[in-house]
Every structure is written in structure tokens, then in C-alpha cells.
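Look at the model below first as a whole, then element by element.

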Amino acid sequence: MQPLIEVQSVFKAYKLYRKPLDRALEWATLGAVRRHSLQWALEDISLTVNKGEVLGVVGPNGAGKSTLLKLIARTARPTRGEIVRRARIGALLELGAGFHPDLSGMDNIGLNARLLGFTDEELTSKLPAITEFAGIGDALYRPVRTYSSGMFVRLAFSIIAVMEPEVLVIDEAIAVGDVDFQMKCLTRIEELRAKGVAIIFVSHDLYRVETLADRALCLVGGKNIAEGTPSQVIRSYRALYEKDASLAPAVPLHFEQSPVQIRGLACDGHIGDCVALKLKYEVSRLLYEGLVFRIVFALPDETRVAVIGNEVPEGQEIKPGRYETTFKIKARNLYPRRYRLHTSVASKQSVVYDVKMGITELAIPEPEASPAYLRAADQLTTLLEFTVESQDYRP
Amino acid sequence: MLRNLYTNRRLILEFARRELKTRYTGSVAGFAWHVLNPIFLLTIYTVVFSQIMSARMPGISNTLGYTVYLCSGLLPWLAFQESVSRSTSAFVENANLIKKIYVPEEIFVANVVVSSTLNLLTQLAVFLVLASLAGFFPGVGLVYLLPLIAAQQAFAFGLGLTFAAANLFFRDVTHIAGMVLQAWFRVTPIVYLVAIVPERFAPWLGLNPMYHVTEGYHRIVMQGQAPAAGQWLVTISMATASLVFSSFMLNKLRTDIRDEV
């Protein structure tokens, strides 16, 4: 099957004029006089996106990530190179879709649907779903210029999400809006992906790229410096910005200020046929948002083989303090070898509080007598049996 | 460019319809303003010119003749003026949409021109009904009205698109277009008759394409005749030239336009 999007060696340069008169001069001489300099935003970028694939784009600020999405969404045109599109593309670039400020939300839905190339019949059938998803009530009949930015994004995302384009292009758009809506968006994105919608998204949140994307691309200074599996790409990117801090993602996970910090993960020895992993963390303010812990088992080449986790439900009060959670894993389900462990903690609404990659290593020894069928577990990610105990922890 | 317009025709109509609908929302008279505005303007002109300045149509002694003359030239001119001046800011005003959604840029100009044209047609219909009631029916020549309006508005579209593209890079264009249109209106025989133009200026009138268009309307409405071949020729060639030029310019600038908004 042919890819839905093919970006073929695309270059993008912006013309820079020192003063408007310079442009006037160029026009007057029909381009015989050149008074602009070129600023290259993208250089020789090629990529393909297939049906149902999720491509995450990472990189520092000004690396050309947004430009790339604009080119794909056709709101900017490449200086050189070709972009082949074989699908209907829905784009959420920066804050929301293109709305006409004087028209009502309802009229803007119609307008956007038509701009996306939908017929009246399709629109009529989808309209209830859009209004329901947006959940902004009577505001739909008010001009869009009276909307708050949250309502704006809600409406924008609802249109795109419900109209089901074949390719969804998202530029950090879901980072806005309230947490409930963000959650709704993420769920919806998962649904769309399951239906075969291809997704291209830019994010500074490396954790999100790693968990959502099938493939990733790292842009630095307009050039594609790494492409491949998210963990590979993020590893290359991390290696790069560890050397040069100015290349770090724009919203680097400023975990120092986040209310939950991971203090450590330690293997507490083997108890019977179980391995106990103790996760220590510190909470610095009263939390009601719930917590989601994840521990990822990876091979030295970063292939993930298993994920375990634990959740504190939303609404449950978590007082400031130090805590320890013990995960007991049936070791026989893990292929005997060395694992690199990553861990993360996030709120129930997917606000990432802390990520520690490669926090510890775990070696599962060869059991004395291991039935052959258990060896298959190396390929499996869901077979891990584990139990969780949480308790206050005082050093 | 024409293909883009054709593909997006429903979008353009939709935009134009909404535009007409929203223009007077919030006012008590609502849609009636589309008609009340030109009626007011025409009354002022009629009173000032025919009563105070005693302008008379040759051969028609009452003021009706002048009113009809005025209407037949002024209403189309107003649509032309509105099309060009509002097109000039079309890209700037719709920057938000152009930035966020892929849509051919020219439809924002087309939408302005189409809504002005629809407005003009309403006004002309009202005018013709009123004129007939007052005992003045222009006759079968009216069939030429629509093609002439179409050609005029095509010219307005080409001109508006050129201005719109230039205005995005040089905001001076808005002011220049405003001045040009003011002057243009005065040098076109709309409120006055060609007959009063002094001898030494008369040869220059022909250089103004809108002179030919306006005289075309006058012939249709006042004499019930088809516009002269020369009038057709000038109007249609100006329309074609402006479409070709603006389309060429737009294709050259599309990339820059998207980078600039």
C-alpha cells in the first residue's frame, strides 16, 4: 500500500527583508535586484507516513518542527521538494483551527467541515457528535470571538476528531484546555489511531512521544538528525542535548518544580519466585489528581518487553511526604537476562510529573529448572504478574 | 485560478451568503439596510443635483430622468468600489484562516466580489420595480445588464486580487486604493452627464475603462439598447487582462503570501 503522506526531500526557506522598501525594490525590478536573505527552516527532509501510523516529531525550539507540519497541512509551501498527499488531512496547528471570529461556533463548524472537503450530508450526520464532543453548550450560537481559549480548542479539536480525516496533524494543540478535555482528546486520538487514522504530532514532551508514537523523527536546525523507533530517536536526541543544553526540548520536563519526584527504584532481592521492586517518591504538595506509576522493562537495545504500573485514583488525597510502593513480580515470567528499567509518574490526566530513564538494572538469574514454555515470555509484554503494596516511607 | 474558484464555488457562495446575513445583524431594520442605504444615497444625489443644481436629462424635463440615469450608473459603481476596496484587505482580514487551513487564497477575494454582486442585484431589482411604478421601464435592453455586470465584477475581482496580494506586503495599498477609487468615481460620468464635460477633457474620458462600463449601463437603461461594441470590447478586455495579470501575480506570490500572513 502506498504511504498516505510522502515528503520528498523538502527544503523550506523564509525570505528575510531588512525593510519593506527592499521588497518593493525587488518587485519594481521584477526580481532582477535581490535584496533578501534566506533563512533555512528545513533542509532536505524526507519522510513517509502510512495508514494507522503515529509519527512523533521532537527537537529543540526553532528546529523547524512546526514548519514541517505546516508544509504537510499545506498552510505553507515548500521552497523546494514535493509533498505527495493521498489522504484527507485535518490539522490542528498551534492554537486551534481556522475560525472566522464573527461567525458563530455552529457556522464555523460548517465552514471548517467544508474547508476539510466534507459534503453537507456528511456534516449533517456528524453535527450532533461534534457538538456533544465539544461540550460548550449554548456558546455554539455565539460568535467565536467571544470564546475563551479553552472553548476555542475544544471546538477546534471536536471538529477534527469527529470529522475523521485520514491524517491528523497536531502541533502541541492538546496541551491546552482543561485536564478532562485533554484526557478526552488522548482517548479520542487512540480511537482514531485504532481506526487506521495516521497521526503526525509535534511535542516537547518526550515521554508522550515515547508512549504514543510508533515512529519518531528528531529535527535540529532544520535537519533530520535521527529517525526510527521513538526510544532510539529520543536516545540520540538526549545524547545531543546532554552535550549542548541549548538543544533541550523547549518545555523540558522541569521536574524540579513538579509536585511528585521519583527518588529511586531498587531491586529488593528475590523473595521466593518473586522479585520485589521498591519505588520511592516524594510528594511536595497535597494532591487530589491521582497518580499513575509506570515501570518499563527494556532490553539493552531499548526494546520494551514489559510494562507494569500502579494507580492512585483521582480524588484520593495524597499528603506531602515520602512514599514507597513495592511491586512484586513473578520472576519466572521474565526471561532470564539483564533489563534496564525506566520509571515515570504522571497524574491521571497524563500530566507527567517525573521520568527517570534507566533508573536501575535488574538481572533475572537462570532458574534451576525452567520449563521450556516459559522462555517465550521474552516476546510478551502483558504476561507479568505482579502485586503492589504502598506505604509511607520515613528515611 | 479559475479552476480553484470553480472547485470552491460552494464555499464562496456560503461565505458570501453569511457575509450578507451578518453585515446588518444586530440592527433593527436588518436586511432592509441593503436597500435603504442606496435609496438614501440616491435621494441625496437626486435632490442636490436635480433640484439645487438643476441638472436635467436632455429631452426629459422631470427629475425622474435624472434619478434613473444616476441609479443606472451609481449602483453598479458602488458594487465595483466596494468589491475592490474590500478585496484589498481580504488577505489581511482572513489571515487567521489562511494561516490555519489550506484553502486557495483567492476565494477570500471572490467571496467579497460575489457578495457585492448579490447586493447589487437586489438593489437593481428594487430600483427597476420602483422605476417601473413611476412609469419608466427600460425595456428589453435589460437582458444585457447581467453580462455587463458580470464583466465589470470580473474586472473588480482581478483588480481586487492584485491589491489584496500587494496589500499583504505593503499596507500602504489600502490607502492608495481608497484614494484611487475616490478619484476614479469623480472622473467617471456617473453623477454628471457626458454632455457637461468640457470640450478639452472629452477625448480623455475614453481612457477610463469604467467610463465605457458606465456608458454601457446608461445605454441599457436610458435607451433600452445593447451597449456599443466598443463598450463591450473595452469592458471584456479589461476584465480578461486583470484576471490574467492577477492570476499570474498570485501564482508568483502564493508561497510568500502564506509565509507573510
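Contact here means heavy atoms within 4.5 Å, and angles run from 0 to 180 degrees between N-to-C directions. The model is a predicted one. With those terms, helix 2 (residues 65-72) of chain A lies across strand 3 (54-58), strand 5, strand 6, strand 7 and strand 8 (215-220) of chain A. Helix 2 of chain A runs at about 150° to strand 6 of chain A.

The strands under discussion belong to an open sheet of 6 strands in chain A, in the order 5-6-7-3-8-9 and with mixed pairing. Its edges are strand 5 (89-92) and strand 9 (223-228) of chain A, each of which pairs on one side only. On average, neighbouring strands of the sheet are turned by 15° against each other, direction ignored. Strands of a sheet pair through backbone hydrogen bonds, in either a parallel or an antiparallel sense. For strand 6 (residues 167-171) and strand 7 (residues 198-202) of chain A the sense is parallel, over 5 bridges. Within strand 7 of chain A, A:Ile200 stands opposite A:Val169.

Chain A as a whole has 8 helices and 17 strands. Of its 395 residues, 51% are buried. Among its contacts between residues at least 6 apart in sequence, 70% join residues at least 24 apart.

Another strand pair in chain A is antiparallel: strand 12 and strand 15 (residues 338-347) are joined by 8 bridges. A:Phe297 has A:Leu341, in strand 15 of chain A, as its bridge partner. Strand 12 (residues 291-298) of chain A is mostly covered, with 7 of its 8 residues buried. Strand 15 of chain A also holds A:Ser344. Is A:Ser344 buried or exposed? The relative accessible area of A:Ser344 is 3%, so A:Ser344 is buried, the cut-off being under 20%.

In chain B, helix 3 (residues 33-52) and helix 4 (residues 63-88) pack at an angle of about 135°, with their axes 10 Å apart. Helix 3 of chain B is therefore oblique to helix 4 of chain B. The crossing of these two helices of chain B is right-handed. By class, their contact has 11 nonpolar, 5 polar and no charged residues. Helix 3 of chain B contributes residues including B:Leu41, B:Tyr45 and B:Phe49, and helix 4 of chain B contributes residues including B:Tyr66, B:Leu70 and B:Leu74.

Definitions and conventions
Residues are numbered from 1 along each chain as its sequence is written. Chains are lettered from A and ligands numbered from 1 in the order in which they are written. This is a predicted model: local features need pLDDT of at least 70, side-chain atom pairs count only at pLDDT 80 or more; totals for chains, interfaces and linings use all residues. Side-chain values use heavy atoms; hydrogens and water are left out. Helices (H or I, at least four residues) and strands (E, at least two) are DSSP runs, numbered from the N terminus. Angles under 35 degrees count as roughly parallel, over 145 as roughly antiparallel, 65 to 115 as roughly perpendicular and the rest as oblique. A crossing is left-handed if the near helix is turned anticlockwise from the far one by less than a right angle, and right-handed if clockwise. Ala, Val, Leu, Ile, Met, Phe, Trp, Tyr, Cys and Pro count as nonpolar, Asp, Glu, Lys and Arg as charged, and the others, Gly among them, as polar. Buried means under 20% relative accessible area, exposed over 50%, partly exposed in between (1.4 Å probe, protein chains only). Two strands pair if DSSP finds at least two bridges between them.
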